[in-house]
Amino acid sequence: QVQLVESGGGLVQAGGSLRLSCAASGSIGRILAMGWYRQAPGKERELVARITNGGSTNYADSVKGRFTISRDNAKNMVYLQMNSLKPEDTAIYYCSLDQILRSRLWGQGTQVTVSS
């Protein structure tokens, strides 16, 4: 029913910036929250940032002060502005969508690679 499509990933040098976008389409119900998770090779998927429909946010300690999550509820989109990128930020980044009375949905992922 609902699809999430991420974009904006790529290769960037350490200290650079990227802006990830996630567009939700299809038959979308009431959105509770959208978020960004990431997974590096050999590691567990971890929360990066999450934003509720009311605008409350939370971040992983490792990205606080560097990453900013935002959303456009009218467009059903969520963004992740990533500044001061570090090599340890290299991972596949996944968009998530939480809807009322629905299980969490995931996008296909977008690769972010930060070189030294």
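This is a predicted model: local features need pLDDT of at least 70, side-chain atom pairs count only at pLDDT 80 or more; totals for chains, interfaces and linings use all residues.
Two strands pair if DSSP finds at least two bridges between them.

F67 stands opposite M82 in β8. This contact belongs to the pairing of β7 (residues 67-72) with β8 (residues 77-82), which is antiparallel and runs over 6 bridges. The two strands form a hairpin, with 4 residues between them. In the turn, N76 has a positive phi of about 55 degrees.

## The disulfide

How many disulfides does a search of the whole structure find? The search gives 1. This disulfide joins C22 to C95, with an S to S distance of 2.1 Å. C22 lies in strand β3 (residues 18-26) and C95 in strand β9, so the bond ties together parts that are 73 residues apart in sequence. The angle about the S-S bond is -85 degrees, and the link of C22 and C95 is left-handed.

Are the two cysteines buried or exposed? C22 has 0% relative accessibility and counts as buried, because buried means under 20%. C95 is buried as well, with a relative accessible area of 0%.

## Salt bridges

A search of the whole structure finds 6 salt bridges.

| D98 | R50 | 2.8 Å |

Take D98 and R50, whose side chains meet in a salt bridge. The pair links distant parts of the chain: D98 is in strand β9 and R50 in strand β5 (residues 46-52), 48 residues apart. D98 is buried, at a relative accessible area of 10%. R50 is partly exposed, at 25%.

R104 is partly exposed, with a relative accessible area of 34%.

D89 lies in the loop between β8 and β9, and R66 in the loop between β6 (57-59) and β7, so the pair ties together parts that are 23 residues apart in sequence. D89 is buried, with a relative accessible area of 1%. R66 counts as buried too, at 11% relative accessibility.

Which residues are joined with D89 into one network? Salt bridges that share partners join R38, E46, R66 and D89.

## Loops and surface

The loop between β8 and β9 also holds S84. Phi of S84 is near 50 degrees, a positive value in a residue other than glycine. S84 is partly exposed, with a relative accessible area of 42%.

L101 is found in the loop between β9 (91-99) and β10 (105-106). L101 is not a glycine, yet it has a positive phi of about 60 degrees. Is L101 buried or exposed? At 78% relative accessibility, L101 counts as exposed, because the cut-off for that class is over 50%.

L101 also takes part in a nonpolar surface patch. Together with L32 and I100, L101 makes a patch of about 310 Å².

## Strand β9 in outline

Several of these features come together on β9, which spans residues 91-99. C95 lies in this strand and is buried. The loop between β9 and β10 carries the exposed L101.

Methods: Residues are numbered from 1 along each chain as its sequence is written. Side-chain values use heavy atoms; hydrogens and water are left out. Patches are made of residues with over 30% relative accessible area and no salt bridge: like charges are joined within 9 Å, nonpolar side chains (Val, Leu, Ile, Met, Phe, Trp, Tyr) within 5 Å. Accessible areas come from the Shrake-Rupley method with a 1.4 Å probe; for residues, only the protein chains shown count as cover. A salt bridge is a side-chain nitrogen of Lys or Arg within 4 Å of a carboxyl oxygen of Asp or Glu. A disulfide is a pair of cysteine sulfur atoms within 2.5 Å. Buried means under 20% relative accessible area, exposed over 50%, partly exposed in between (1.4 Å probe, protein chains only).
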